[in-house]
Amino acid sequence: MMRAWVSSLAIGSSLAACSGDTGKVTQPPPPVTDVVLVDTIPVAPNYGIHDQYLRDGLDIVCAWNTGILIYDVGNGIKGGSPSNPVLVGSTTTVGGEAHNTWWFHNPVTNEKRYLFVGQEGPGTIGSSSVGDIHVLDVSDLTKPTEVGTFHRNGSGTHNFWMDEPNQILYAAYYNGGVVSIDVSGTLSGDISSRMIDTITFGAGDTYTWGVHLYNGSLYAMDMLSGIWQLHDSLGTLSIAAGGNNETERYGSDLWVANGYAYTGTWGFAQRVSGVFGNALKVWQLGAGGAPTLVDSIITPNILTVSDVGVSDDNKLLMFSTEGGPNSGFWFYGLADPAHPTFRANYLVGSGIHTAKFARINGKLYAFGARDPGNPAQVILDVSALDQ
Amino acid sequence: MTGRPLLVLALLLLDGGAAAAQRLRVDWRVQAIPALTETDVVPGNRSLGELRVVQPLAMLDVAALGDRVRFMSAVDFEKYTIAHGELAPGDWGEGFEDRRHPHTLVHQLMLIGPDLFGPLLGPVHVFAAAGKGFVPFGTDDPMSRPAVRYPVNHHLGQILERAVGLAGVRAGPLTLEAALFNGDEPVSPGSWPDMSRFGDSWATRLTLRPVSGLEAQVSYAFVHSPENRPGAGPDDAKTSASARWERGPWYGLVEWAHTRTAGGAFVLHSALAEGALAVAGHRPYVRIERSDRPEEERLFDSPFRTRRPLLENSILAITRWTTVTAGDAVNAWRYRSLTLTPFVEGSYLGIARVGGGVFDPQGQYGRTRGFAITAGARLAAGMRMPRMGRYDEGSMREMRMP
């Protein structure tokens, strides 16, 4: 176990560089808290680890061509813990490129049978993509088995969200926009016919990174056209508000909590010369749920904010960063959810691609996917920040 | 070291790089090209000039047993002279963009049987080679061609610096080669092929030489995960066709190359024509090229470098580079095998995005047309620059460029 002390960062002077935003500046207070490195799980460089999903004390790692790795980090099935993850089961998915996942807890059947896995195939960012959704039967967590596939011609899947009571899977589909899929009942074989609806935001305006269901609306973050609020009626989608609100950068991930949406930006290509994907934007959701930009956080010396999350008690905002010396985990307090305040960071030179919170035995942890060339899952105890 | 080897070495140096001792023949060459390059096609909308020593090379070619066995080696010192690449707009590969990457220190180390059975098979000649070197695919290495600046299509038109085992047969004007090799491209100037991946990729090339000086080839290669050393990256299916003319003072090459990556998710095309004429101590040359390039995520601390190892299979766009390069090299000075050949060459470049994507050439460079000009001198001693990229007896017999 190693203890990592967070050093002070003078980032205030860079905040004004957030051109096109509200112009408000969030000054970080001196960091006074600590982040503890609990463990690191090496992942084969095949390419490595892309994402992780944490639920019921299980850590489900998407390890690209290595497949899906299920670790006990507090579930008890194998006696694992965050400081001693124990592999429960693993499998490879057809075609590899395991990118993201969602473990479906079905309240209708009380089953925890299906794991949906997103495959991220080769694509041209902003234009084209390929990749299927793979359905794994994890009734026996030690022997996950692929049982079904969802395929769309002309586009590939990215991040998921679920309406579990209504048994609907929502998937961002890059140039295919957003897709809703009926995942009720038994899933087997080709489930492509189960698509309920799909929506795009216009030609040249659609390359959707992620979705998040909140207060009856589905929020979609599109790399090209920004954050959209969608009406959702049991999977039938229509545009409610938002959109065309991200012009100086490309959008990335999102999280919605506390009546606010927090969205990242992607900057491995510059939309406007000299403007990087170094912004975390804060959107206030109006009475009807429409997003309005109210603040933004600029992190200097990075290219991309690649993942965004909020802790289960809505007190702590986390985002992961890549492409620059300030790559790693960043944590902000949400005492005022409209204006997050800097709490700590944990820098990782090669970058953190995705980061997820998990509360295990009363402690709050952050699990992050460390980029190649030395890919690994990094596990931090951030309980001290969760005040 | 005793005095005798030194004496032999001195004799070799003064003897134009060739010595015969019973049935052993040794050729050698050393060269370096100090070159000043200036271009306005630079990330960040600026101009940039650099003076570098490019293509510093030491070559040793040993033939034994009446040329029945040959050993060809080339040590490339670009690891030390252009560790951060050679300024060359449009060039790409091995984690570099708009800079030509340095080649590996051991550029070539091949053991060759150019004609394994001699006259036993009559008009049929069988050859084989193994070591680190060129895969039988595509055209000659640009280093052995007239222009100093590499073409954009280097990674479409050649496969090199691999652990390769090849065999071929020559019958009359036809030569057929096939090879197994490792798909992973070098990850640094000091890297060696990943031997655990030997045989995961293959290539074949059919060459026709209907008349002296004329050579045409078609070739195909399957390359497994070239850009991801552990093998997790997409595969390339590469095709090449070319015709080459070299006779008397004239040299010419027309080339078409095509690479399909990830089952056709990305398709890169290239067409190139070049020619040179040796006349009155000069060697004017011209090259016209239109080649596609995949645009990858560039690093925070260098707009000339891309992420390695790759994280995903996605690219930002495909750009198409149209370049016209013209130059002249002058045989300025010679003492025995020591030569000094100053040159100047200029390129006019046009850049366009092909299809969709988030890479914008105008945003990246502040322009979509520009120039690059290079002046320098080739300092060389030893044998003339050989053709690089072939190990069959027919090619090696005609390996001296004019």
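Predicted model: local features only at pLDDT ≥ 70, side-chain atom pairs only at ≥ 80, totals over all residues.
Colleague: OK. What share of the contacts in chain A comes from residues 24 or more positions apart?
Modeller: Taking contacts with a separation of 6 or more, such residues account for 52%.

Colleague: How many helices and strands does chain A have?
Modeller: Chain A has one helix and 30 strands. Its radius of gyration is 19 Å, close to the 21 Å from the globule rule for 387 residues, so chain A is as compact as a globular protein of that length.

Colleague: And the box around chain A, roughly what is it?
Modeller: Roughly 55 × 50 × 35 Å along the principal axes, for the C-alpha atoms. Of the 387 residues, 58% count as buried.

Colleague: Which residues have the most contacts inside the largest nonpolar core?
Modeller: A:Y170, A:V178, A:Y262, A:M318 and A:L380. That core has 127 residues. Apart from it lies another core, of 20 residues, with B:I112 and B:M388 among them.

Colleague: Back to A:V178. What is it in contact with, leaving aside neighbours within four places in sequence?
Modeller: The partners of A:V178 include A:Y170, A:I199, A:V211, A:L230 and A:L237.

Colleague: Switching to strand β9 of chain A. Is it mostly covered or uncovered?
Modeller: Mostly covered. Four of the five residues in β9(A), 133-137, are buried. Strand β8(A) runs antiparallel to β9(A), joined by five bridges. On the other pairing, β9(A) and β10(A) are also antiparallel, over five bridges.

Colleague: Which residues pair with A:V135 there?
Modeller: A:F116 is a bridge partner of A:V135. So is A:G148, in β10(A).

Colleague: Now chain B. Which side chains of strand β11 are buried?
Modeller: B:S201, B:A203, B:R205 and B:T207 point to one face and are buried.

Colleague: What does β11(B) pair with?
Modeller: β10(B) pairs with it in the antiparallel sense over eight bridges. There, B:T175 stands opposite B:T207. Seven bridges join β11(B) to β12(B), again antiparallel. Those two form a hairpin with five residues between them, and B:G213 in the turn has a positive phi of about 95°.

Colleague: Last one. How many residues of chain B touch chain A?
Modeller: 24 residues of chain B are in contact with 27 of chain A. The chain B side divides into 15 nonpolar, seven polar and two charged residues.

Conventions. Residues numbered from 1 in each chain as written. Chains lettered and ligands numbered in written order. Contact = placed C-beta atoms within 7 Å. Nonpolar A, V, L, I, M, F, W, Y, C, P; charged D, E, K, R; others polar. Core = buried A, V, L, I, M, F, W, Y, C linked by C-beta atoms within 7 Å. Buried ≥ 20, exposed ≤ 12 C-beta atoms within 10 Å, placed from the backbone. Pairing = 2+ DSSP bridges. Rg over C-alpha atoms; globule rule 2.2 N^0.38 Å.
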